[in-house]
Amino acid sequence: MFNLIKMDIHRLLHSKSTWIMICFVIGLAVFSVTMTNSDIEFMKDDPAAVTETMEERPVGIYVEAQPEWVNGTIEIGSVVSVEMRSQLLAILCVIFAAIFTNADYKNGYIKNIAGQFPRREQLVASKFIVIAFQVLVMVVVFTISIVVSGYVMWGSDFYLGSVTELFQYLGVQYLLHLGIATVMMLLCILTYSTAFSMTSGILLCSGLAVPIYSLINKAINGLKTGLEFDINKYILDGNITMLLYDSTSEVMVRGVAVGVAFAIVSLFISTIIVKKRDIR
């Protein structure tokens, strides 16, 4: 098992797509902060444009500057929260997971080594561990890029608040992003298709399923008077967009539960598929 993980780590570090993905993470982080700064400058020039933070989940990719940033200081955790809730990082995690997982099947790597590992679940476990490592790297690089860009944009107005709250928020978001990457791994193993898995993940993270979620909520809430069911609380993309830097402990725990649950279920199903199906 350890040797298998070493081989997967070696493939990860020597793959051009890995480093291209890291460059995209940095680029999108800088771009997001730049756009946020543009929004702040626009609100300064036009005070009437200042609006309250939206409570409903928007359709599409949306980065929302906080009204209090216009005339006050800007907390690092709040900016990190806003950028992560846009799901730009989630889209990159989807793309990485799809490319990394299906690369094994395209180049014949899995078929060549499968006979050396009678317990095929090790193949899935190793892939999951490497994906978890890369998602962690992407979260860290994304956060650092936001902090550096923020200091360049806002200088002393950009300050570090509670380190504990920041790490708590990043930890929950990491589990949610790992969950969505694991779901993509499952789709790749199930379909052998990078294009299908990647497209499905990108559409999901782009918020195009929000109208469908609204219909589901209306249908379920219509069954009983006073029922306030919201499917966004129990899915990965919903929790990523709804999780705030200052969310209550209940919301944080729910995010952890959703991320872990999706990761475990996806990992379990992937293991069954690999064990039962012929590798090609």
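Mentor: Let's start with a term: a nonpolar core is a set of buried Ala, Val, Leu, Ile, Met, Phe, Trp, Tyr and Cys residues joined through side-chain atoms within 4.5 Å. Keep in mind that this is a predicted model.

Trainee: Thanks! Which residues touch the most other members of the largest nonpolar core here?

Mentor: The general idea comes first: in soluble globular proteins, nonpolar side chains tend to be buried together. In this structure, the largest nonpolar core has 72 residues, and Met 84, Leu 89, Ile 131 and Met 138 touch the most other members. Helices supplying at least two residues each include α2 (16-45), α4 (88-106) and α6 (121-154). The most comes from α7, with 16 residues.

Trainee: What does Met 138 touch, leaving out residues up to four places away in sequence?

Mentor: Its partners are Met 21, Ile 22, Val 25, Leu 89, Leu 92, Cys 93 and Phe 96.

Trainee: Now for charges. How many salt bridges does a search of the whole structure find?

Mentor: Look for a side-chain nitrogen of Lys or Arg within 4 Å of a carboxyl oxygen of Asp or Glu. The search finds one: the side chains of Arg 11 and Asp 8 meet at 3.1 Å, N to O. Both residues lie in helix α1 (residues 2-13), three residues apart, about one turn of the helix.

Trainee: Are Arg 11 and Asp 8 buried or exposed?

Mentor: Buried means under 20% relative accessible area. Arg 11 has 18%, so Arg 11 counts as buried; Asp 8 is buried too, with 2%.

Trainee: And how many helices and strands does the chain have?

Mentor: There are eleven helices and two strands. Of the chain's 280 residues, 50% count as buried.

Definitions and conventions: Residues are numbered from 1 along each chain as its sequence is written. This is a predicted model: local features need pLDDT of at least 70, side-chain atom pairs count only at pLDDT 80 or more; totals for chains, interfaces and linings use all residues. Side-chain values use heavy atoms; hydrogens and water are left out. Buried means under 20% relative accessible area, exposed over 50%, partly exposed in between (1.4 Å probe, protein chains only). Helices (H or I, at least four residues) and strands (E, at least two) are DSSP runs, numbered from the N terminus. Contact means heavy atoms within 4.5 Å.
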